[in-house]
Amino acid sequence: MSDVIRHVLIRGAVQGVGFRYWTRRTATARGLQGWVRNRGRDSVEAVFAGTEQAVAEMIALCRRGPDAARVDSVDEKAVEPDALGLRKEGERFSELGTIRP
């Protein structure tokens, strides 16, 4: 199975509920590379890289998120390898700070 890279935007009650921590822990356990960060007031974005199956499973898990989250929508799109460039040096999967678009 080939490797894929997907950018995901998760909207809903996803901030202040440990979504970034949950995403990093869950993605790392699945051997994925990438990053996650809060964006705006009601969304989290992430990039997942790995096997097609592992990335698809991670995106499916994001449709639910951690117990305290309420996910309203998940949008995904294929991206190029340079999307991984935001990772912190030496990390396979990074939890990044919040940005305000």
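Q: Hi! In which order do the strands of the open sheet sit?
A: Hi! In this predicted model, five strands make up an open sheet in the order E4-E1-E3-E2-E5, and the pairing is mixed.

Q: Okay, which ones are the edge strands?
A: Those are E4, residues 70-78, and E5, residues 93-95; each of them pairs on one side only.

Q: And how much are neighbouring strands turned against each other?
A: On average by 15°, with direction ignored.

Q: Let's look at E2 and E3. How many bridges join them?
A: Seven, and the two strands run antiparallel: E2 covers residues 33-39 and E3 covers residues 43-51. Across this pair, glutamine 33 is opposite alanine 49, and tryptophan 35 is opposite valine 47.

Q: What do E2 and E3 form together?
A: A hairpin, with three residues between the strands. Glycine 40 sits in that turn and has a positive phi of about 70°.

Q: What about E2 and E5, do they run parallel or antiparallel?
A: Parallel, joined by three bridges.

Q: Is E2 mostly covered or mostly uncovered?
A: Mostly covered: of its seven residues, five are buried.

Q: Switching topic: which strands does helix H1 lie across?
A: Helix H1, residues 19-29, lies across E1, E2, E3, E4 and E5, and runs at about 170° to E5.

Q: And which strands does H2 lie across?
A: Helix H2, residues 52-62, lies across E1, E3 and E4, running at about 160° to E3.

Technical notes. Residues numbered from 1 in each chain as written. Predicted model: local features only at pLDDT ≥ 70, side-chain atom pairs only at ≥ 80, totals over all residues. Heavy atoms only, no water. Pairing = 2+ DSSP bridges. Helix = DSSP H or I, 4+ residues; strand = E, 2+ residues; numbered from the N terminus. Axes fitted to C-alpha atoms, helices over the stretch in contact; angles between N-to-C directions. Contact = heavy atoms within 4.5 Å. Buried < 20%, exposed > 50% of the residue type's maximum accessible area, 1.4 Å probe, protein only.
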